[in-house]
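Dear colleague,

Please find below the structure for your review. My notes on its contents follow directly after it.

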Amino acid sequence: MALRGGKWWKLVGLAGLVGVAATGAVAVRNERQRRNYTPEEVRSVLHERYARSLAARDGSPELPLDEVPSGPKERISRVLRRFRRRERRSARPS
């Protein structure tokens, strides 16, 4: 089945339209799924992810859900505590 003249351009254009429509459908589906979450659900999922990353970094099997900082002041103090712990560990005689 050989396409003559400008018919292959029509086929390419049609394939492009189908691709754009499929991409739009996927984007709409993802947006619908994203909007189904309440702010509390999003917050709890983010806190859980944060706790899992802390547990993985520290090597502890438990999830410290109470260690989620609520503001910049708490974050800064936690970072400073972490640096102080490192200084103490490196100052210990081996």
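The face of helix 2 turned away from its buried side carries the exposed residues Pro 39, Arg 49, Ala 56 and Arg 57. Here, buried means under 20% relative accessible area, exposed over 50%, and partly exposed in between (1.4 Å probe, protein chains only). Helices (H or I, at least four residues) and strands (E, at least two) are DSSP runs, numbered from the N terminus.

This is a predicted model, in which local features need pLDDT of at least 70 and side-chain atom pairs count only at pLDDT 80 or more, while totals for chains, interfaces and linings use all residues. Residues are numbered from 1 along each chain as its sequence is written, and side-chain values use heavy atoms, with hydrogens and water left out.

To continue with helix 2, its buried residues are Ala 51, Leu 54 and Ala 55. Viewed down the axis of helix 2, these buried residues fall within an arc of 95°, so they line one face of the helix; the arc is that of the directions from the helix axis to the C-beta atoms.

Arg 52 forms a salt bridge with Glu 48, and their closest N and O atoms are 2.7 Å apart. A salt bridge is a side-chain nitrogen of Lys or Arg within 4 Å of a carboxyl oxygen of Asp or Glu; the structure holds one. Arg 52 is partly exposed, with a relative accessible area of 46%, and Glu 48 is likewise partly exposed, at 34%.

As for the chain as a whole, it has three helices and zero strands, in the pattern α-α-α along the sequence. Of its 94 residues, 9% count as buried. The chain exposes about 8,700 Å², of which carbon and sulfur atoms supply 58%; accessible areas come from the Shrake-Rupley method with a 1.4 Å probe, and for residues only the protein chains shown count as cover.

Trp 8 is partly exposed, at 40% relative accessible area, whereas Trp 9 is exposed, at 54%.

Yours sincerely
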